[in-house]
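Take a look at the structure below.

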Amino acid sequence: MNTTALGASRYGIVEYQNAPENIQAIYDDTMQTLQLPFVLNWFKCQGNNATLLKGNWAKLKSTLMEGDVPNVLKQLIIYNVSKLRGCQYCAHAHGIFADSMASMLSEEPGFKPSQDMDSPHIPASYKIAISVVTKAALNPQNVDEADFAKLQEAGFSNNEIQELMAQADLVNMLNTIADVSGIRVDNELLEAEM
């Protein structure tokens, strides 16, 4: 497959070697934080706009990578919403990220949570969080006190509930940028699946 075609974007893809120093510094931070040896197309399609890239990376980094809610749960939420919304890029990428953390859920060899969201290996509290936050992302006007009560009964603190709900906002941003930019799944992610 052609790397350029797979990475095509309506905004243009800015490769690391072609990026100015301030963009390279953000790219470096994304690779270090996400523990990836390459820059994701989601960032590269914003590489020609330092203000946008810096702001979106700061939001993604603090909302997804920091906090008390386990990252694997956040990845499963983003995967689930992206899949339901039809955002191929985010569903594919975050499915891979969630599956790479499967050992946090089960020691079963080859277990991929993205392929079995009803698996008994996924804790009941996670399933409740995935359901409620998916509702918040797709139909926020329908979230009610009963939804918050479900999360509390599942054992999530008020701070964790805020953090979970922030994933609804984050996934909407991720999906919007991926879909409107027209980016394709990174070759490196496709190869990681093989």
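Here are the main points, grouped by topic.

This is a predicted model: local features need pLDDT of at least 70, side-chain atom pairs count only at pLDDT 80 or more, and totals for chains, interfaces and linings use all residues. Residues are numbered from 1 along each chain as its sequence is written, and side-chain values use heavy atoms, leaving out hydrogens and water.

**The largest pocket**

- The largest pocket holds about 290 Å³ of space.
- A pocket is an open set of points on a 1 Å grid over the protein atoms alone, where a 1.4 Å probe fits, with protein on both sides within 12 Å along at least five of seven lines.
- Its volume is the space filled by probe spheres set on the points, which are joined across faces, edges and corners.
- The lining has 20 residues, and Leu-34, Leu-36, Met-65, Gln-75 and Phe-97 lie nearest the pocket's centre; lining residues have an atom within 4 Å of a point.
- Two or more lining residues come from each of helix H2 (21-34), helix H3 (41-44), helix H4 (50-65), helix H5 (71-85) and helix H6 (88-100).
- Helices are DSSP runs (H or I, at least four residues), numbered from the N terminus.
- H6 gives the largest share of the lining, six residues.
- The lining counts 14 nonpolar, six polar and no charged residues.
- Ala, Val, Leu, Ile, Met, Phe, Trp, Tyr, Cys and Pro count as nonpolar, Asp, Glu, Lys and Arg as charged, and the others, Gly among them, as polar.

**Helix H4**

- H4 has 16 residues, so at 1.5 Å a residue it should span 22 Å; its end C-alpha atoms are 21 Å apart, which agrees.
- The expected span is 1.5 Å times one less than the number of residues.
- Leu-53, Asn-56, Trp-57, Leu-60, Thr-63 and Leu-64 are the buried residues of H4.
- They sit on the same side of H4, because they cover an arc of only 150 degrees around the axis; the arc uses the directions from the helix axis to the C-beta atoms.
- Thr-51 and Lys-54 are exposed on the other side of H4.
- Buried means under 20% relative accessible area, exposed over 50%, and partly exposed in between (1.4 Å probe, protein chains only).
- The cover over the buried residues of H4 includes H2, H3, H5, H6 and helix H9 (158-181).
- Just after H4, Gly-67 has a positive phi of about 110 degrees.

**Helix H5**

- H5 is mostly covered, with 12 of its 15 residues buried.
- Among the buried residues of H5 are Lys-74, Gln-75 and Tyr-79.
- H4, H6, H7 and H9 are included in what covers them.
- Gly-86 follows H5 and has a positive phi, near 85 degrees.

**Helix H2**

- Buried residues of H2 include Ile-23, Tyr-27 and Met-31.
- The cover over the buried residues of H2 includes H3 and H4.
- Gln-35 follows H2, and its phi is positive, near 55 degrees.

- Thr-134 is in helix H7 (residues 124-138).
- Thr-134 is buried, because its relative accessible area is 6%.
- Thr-134 touches Asn-80, Val-81, Leu-84 and Ala-129, not counting residues up to four places away in sequence; contact means heavy atoms within 4.5 Å.
- Glu-160 is in helix H9.
- Glu-160 has 18% relative accessibility, so it counts as buried.
- Glu-160 touches Asp-68, Val-69 and Gly-155, not counting residues up to four places away in sequence.
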